[in-house]
Amino acid sequence: MARLTHVSLFQLPAATPRTPRRIVVAAHADGATGWSICPEGRGCWDTIERLGARVLGQAPSDANRRHAALGLAGPPLTQTGDLTPAAALDNAVLDLAARLAGVPLALWLGGTAQPRLRIADRVSWQDAPGDPSPDARIAWLVERAGERVARHGFGALSVRPGKAPADELLTLLGRLRFTFGARVTLRIDLSAGYPSADTRALAAPARELGVDLIVLRGRSLLGGAVPLAVEPDPSLSRIMLGGLAQAVRLDPARHGGAALALRLAALLRVFQLELMLTGTLGHAIELALLGQLARATPTDLQPLDVGPDATALAPLAVRDGQLVLPTGPGLGFEIDAAALAHGALRRSEIRTSLAAAS
Amino acid sequence: MKITGITLRRIKLPLDMVYVSSMYVMNDTYRTVIELATDQGITGIGETIGTEECFSLTATLAKGWLGRDPRDRLGLRRSFGRSVAENRNGRTGWSAFAGLELAAWDATGKAWGLSLAELMGGAIRRDIEVVCPLPATIVDRVVSRAELMEIFANPANGAGVVTYALEQRRRHGFRCFKYKSAAASAAYDLAVMQGLRDALGPEAQLRFDPNAAYGPAEATALCQRLEPLQLEFYEDPTDDIEGLANLRARVGRPVATNMCVIQLDHLPVAIRRGAIDVVLADLFMWGGISNYRIMADVAASFGLEVAIHSLFETGIGTIANLHLAAAIPRVQRANDSGHHVIAADVLADDLPIKDGRMRLPDKPGLGIAIDPQRLAKVTVKEAIVQ
């Protein structure tokens, strides 16, 4: 049986000026390599190095043991602290396990629960040119959305208003609804610190405009006016029992990885909530993981929410509003390790397990 | 990898005892054994319950599996959910699927060189404690309910159950016992449970299971009188989620069920109502390994325990249950198992119980092989789907 021999880290620049640097993790065993990517937060690099040493020597299939070593064991929502480093390692080893078996990651995770992978496009206030008036900005965003819907067939739009005033956001939503009618679903993402007073003011008009989902960071202030998506936190069990949300938005890179996401999806399946998978890193490794995970997720899925631009991440593609996955083993495609190393800002390699060192 | 053929055999297994409970008086049982052939020469082995209805439904389902990839278990599950009415609010449909799915897991493990436990995330234990089932009374032939009533009328007649338990402990080292009440007499049940505790000592784990046959008031009163015996849990002492919730609020020992919370959509209601402590879940009735893992995650998230239910499986189902217990951390209690009571198994190797424990195989898939001659000897019906 193959055993993890070493783990490599590569620091990559940020995808956009507003997003963090990224760390690519490579897990190696028996001549094969599994890959993952995560945002670089404070102390992330060092933590991955420390945790990586704990899992060396383990079999890639031995998830129970690995999760115990990484702090990912136990029911979903009971894990504490920053789960990003553990997720990065676990996702890389999952990819490795699937590659060793010679099958796509989705098949390793159980198969095809979702034959069609709907993906939303992002309409981000911050993407519009900075200088124009609000009207011009709205016009630019609607025109751009129209071009992308026409070209890629998106059937869902995730509107990210940043700190845009509620009246401007409602104008944008109205124009989008007028332009696309019922053929495109609209979501608003208010999770990035949108003012709570404006959030409350948005609820009723958003319902009038047929907004399908509002994404919030914490518990609902909206009293059920519009279906809500919330992010995983310890209050989620109460939200599920109380039927207080329609969906849960989860970023596997931040919330403990694909395996933990699947376990959370099991809960959502039983409590009849949807899962909304999201990613922010602008890298094909992230999008491939989201796609493979979505394919094997046995609960209803919201369209994937991936930014900044999921259409620019070859070899993955978006066709007719669906994510098209490459069909090779693991994530589905080979990573050019040399090119990755060449573009890396920093590199590291973990070869000595904690057990061996002691 | 593609499925090229599926062979189903309905088998009749003699028991070494007359099994008496509130639901059954029997000295044999029926199971369905499944062999799933693939284009890569790998054969996946599965098993499920053996009623005529389940056998027939499994054969119907199997037709839709031809040409499919057995490793795509979620895809197979998806098509099942859409096409079979029996998957809703009935055990037969899910049991049929579970048997086929088990064969698919076995084939996948063999293809990838991993045991079932490894496929599920890795074995965290290899010696699995098992429970000895105890009939409501010891009789040497299948008798009528009327004859049984005469036996249960005298609590002293329960002494044979205690003797039987001691003999099983001597032979196999059991530490855990499950008494199958016939729910005919609370006085009789109390006498048996008291006798078991006295004979087996405080270290023995004792389960009490009347198969939901006592009414709520009688069950509550009986369980309250059983409290001093410190049973491991009360299994289905009465019926329905409401009944269990009301009883649980009035007793101190844990409440388990294999009859009232038996599919995924029962869980939220049971959790909100605080009805149970232990989901004593049957692999087949719950619809297979994938459903089982979902159930276990939900249970763990809401503080419920998971334990593994069994009736009288062949070695195939018994070993599948060992893999579940080995790989699902939430399973902490001993597995139900009636395998040692079966007088004729279908596996090539025997499955010994030592010190009350069974050993997890470490070969790929289930890690077992069928003995064709043994299988042929107990087969009563065969269906070949190809």
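Start with B:K180: at 4% relative accessibility this lysine counts as buried, where buried means under 20% relative accessible area, exposed over 50% and partly exposed in between (1.4 Å probe, protein chains only). Its partner is B:D209, and the two side chains meet in a salt bridge at 2.5 Å, N to O. A salt bridge here is a side-chain nitrogen of Lys or Arg within 4 Å of a carboxyl oxygen of Asp or Glu. The pair links distant parts of the chain, with B:D209 in strand 6 (residues 205–209) of chain B and B:K180 in strand 5 of chain B, 29 residues apart. B:D209 counts as buried too, at 0% relative accessibility. Helices (H or I, at least four residues) and strands (E, at least two) are DSSP runs, numbered from the N terminus.

A word on the ground rules: this is a predicted model, so local features need pLDDT of at least 70 and side-chain atom pairs count only at pLDDT 80 or more, while totals for chains, interfaces and linings use all residues. Residues are numbered from 1 along each chain as its sequence is written, chains are lettered from A and ligands numbered from 1 in the order in which they are written, and side-chain values use heavy atoms, leaving out hydrogens and water.

Over all chains, the structure holds 40 salt bridges. Here are a few of them:

| Pair | N to O distance |
|---|---|
| A:R148 and A:D121 | 2.5 Å |
| B:D209 and B:K180 | 2.5 Å |
| A:R263 and B:D297 | 3.1 Å |

On contact (heavy atoms within 4.5 Å), 27 residues of chain B touch 29 residues of chain A. About 2,400 Å² is buried between the chains, with carbon and sulfur atoms giving 64%; buried area is the accessible area (1.4 Å probe) that two parts lose on being put together, summed over both. B:L74, B:W112 and B:F302 supply 24% of what chain B buries against chain A, more than any other three residues.
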